[in-house]
Amino acid sequence: MTHQNTQSTDAPSAAVSSESVASAAGAGAAVDASTTVLVAGAGGVIGRHVADEYARRGATVRGLSRRPVSGARWEHLPVDLLARDAARTGLEAARDTTHLVFAAYIERATTAEQIEINSALLTNALDGLEAADAPLRHVTLYQGGKAYGGHLGYFNTPAKERDARLIQPNFYYDQEDILRAVAAERGFRATMLRPEGVVGYAVGNPMNILMVIAVYASICRELGQPLRFPGTHAAYDALYQVTDASLLARATVWAGSEPRAAGEVYNITNGDQIRWRHLWPVFARHFGMDYAEPQPVPLAEAMPHHEDLWQGMVTKYDLVPTPFEDLAGWAFGDFLFRSGFDNVTSTIKARQHGFSDCLDTEDRFLELFDQLAAGRIIPPLD
């Protein structure tokens, strides 16, 4: 997974409901009545789905983010985890927390800056709950493909949780070391989950390939153009994988109650692999478009020129008004669509330990496109 900025996003009330997604994918068991969950980064694609999933199963849920989350069925806490004293004060309201789900992340330009700021986020959250004397039983921390070097280029596949760390410094490693040390000291359990390419509805989330494809296709269709894969032929043919946000939410609930998950790291994906070569013609048919052969286009350069067109589409199709810069992360799309190496992780360990949930990625993309259209995030597809 390439992580998302989950501290600074929110979703409009007409957004696709992760509750309905989860219901369609399987109800899941109710959680223990004593479970009280704090989701840090509740406005992002991971955090929002996890908060909704826990709430749907009957847990008491609080979502922590800097901005309110529209349409949430759980309590919002506007706590700034970067400020140590403010975090302690704000987390007094979460003094009954039994489960912390840590999906907060802040992007920085350098590795050193990423390590410093994201380690501080986690430390301040843990220390704030400790100061509030919260009866913490479990913490879930999200990592991803960067743990295997996916951001650097080629890595050995299928990557396994037991693979050695890289010599390259990585904030995932620092956060995991902090969490393991604090868990051992304070007596709670911890689990690290590693998704890849998380897909689900969220705005203001720069690392969500679903929104990149959906908005790109919608604009191409409005312009009367065929749908072209905008990346390299190498990326077009490479194996890739994604993690549906609702599936990841179910994995999070499982990890929070499964004794075998204590202290473990799990790769969590839909369970299959894709090649964009096979999916893009399917996407074109689903959007009612012609399809053309790939043509590398720098999305981060090209797509901002169509902001006025999109605003006209918002009016024409009565779409949910969303700032254009919050709709999709074009630079992230450029990165993925130019990654000409296989990106595959093994999910065998999670299956062996009891989490066997899976989804067909092709079918899931089409379902999500339909839900985006039904929620008036993108124009109708018929």
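Reader: Before we start, what pLDDT do local features need here?

Author: Residues are numbered from 1 along each chain as its sequence is written, and side-chain values use heavy atoms, with hydrogens and water left out. This is a predicted model, where totals for chains, interfaces and linings use all residues, side-chain atom pairs count only at pLDDT 80 or more, and local features need pLDDT of at least 70.

Reader: Let's take strand E4. Which of its residues point the opposite way from His99 and Val101?

Author: Helices (H or I, at least four residues) and strands (E, at least two) are DSSP runs, numbered from the N terminus. In a regular strand the side chains alternate between the two faces of the sheet. E4 covers residues 99–102, and all are buried (under 20% relative accessible area; exposed is over 50%, partly exposed in between, with a 1.4 Å probe and protein chains only). His99 and Val101 go one way, and the other way go Leu100 and Phe102.

Reader: Which residue of E4 is the bridge partner of Val37?

Author: Strand E1 (residues 36–40) and E4 run parallel, joined by 4 bridges. Two strands pair if DSSP finds at least two bridges between them. In E4, the partner of Val37 is His99.

Reader: What comes just after H4 with a positive phi?

Author: H4 has 21 residues and reaches 30 Å from first C-alpha to last, close to the 30 Å expected at 1.5 Å a residue (the expected span is 1.5 Å times one less than the number of residues). Just after H4, a positive phi of about 60° is taken by Asp133.

Reader: How many of the residues of H6 are buried?

Author: The end C-alpha atoms of H6 are 20 Å apart, which agrees with the span its 14 residues should have. Its buried residues include Ile209, Tyr216 and Cys220. H6 is mostly covered, and of its 14 residues the buried number is 12.

Reader: Is Asn208 buried or exposed?

Author: Asn208 sits in the loop between strand E7 (198–199) and H6. A polar atom of its side chain lies 2.4 Å from the backbone oxygen of Gly200. Because its relative accessibility is 0%, Asn208 counts as buried.

Reader: How far apart are the side chains of Glu176 and Gln143 in their polar contact?

Author: Glu176 is in helix H5 and counts as buried because its relative accessibility is 7%. Residues up to four places away in sequence aside, it touches several others, including Arg165, Arg194 and Gln143 (contact means heavy atoms within 4.5 Å). A polar contact is a pair of N or O atoms within 3.5 Å; within protein, one must be able to donate a hydrogen and the other to accept it, and residues adjacent in sequence count only if both atoms are side-chain atoms. For Glu176 and Gln143, the polar contact is 2.9 Å.

Reader: Last one: what is the C-alpha separation of His151 and Ser339?

Author: His151 lies in the loop between strand E5 (138–142) and helix H5 (171–186), and its relative accessible area is 30%, so it is partly exposed. Leaving aside neighbours within four places in sequence, His151 is in contact with Lys146, Asn170 and Phe335. His151 and Ser339 are 188 residues apart along the chain, but their C-alpha atoms are separated by 9.1 Å.
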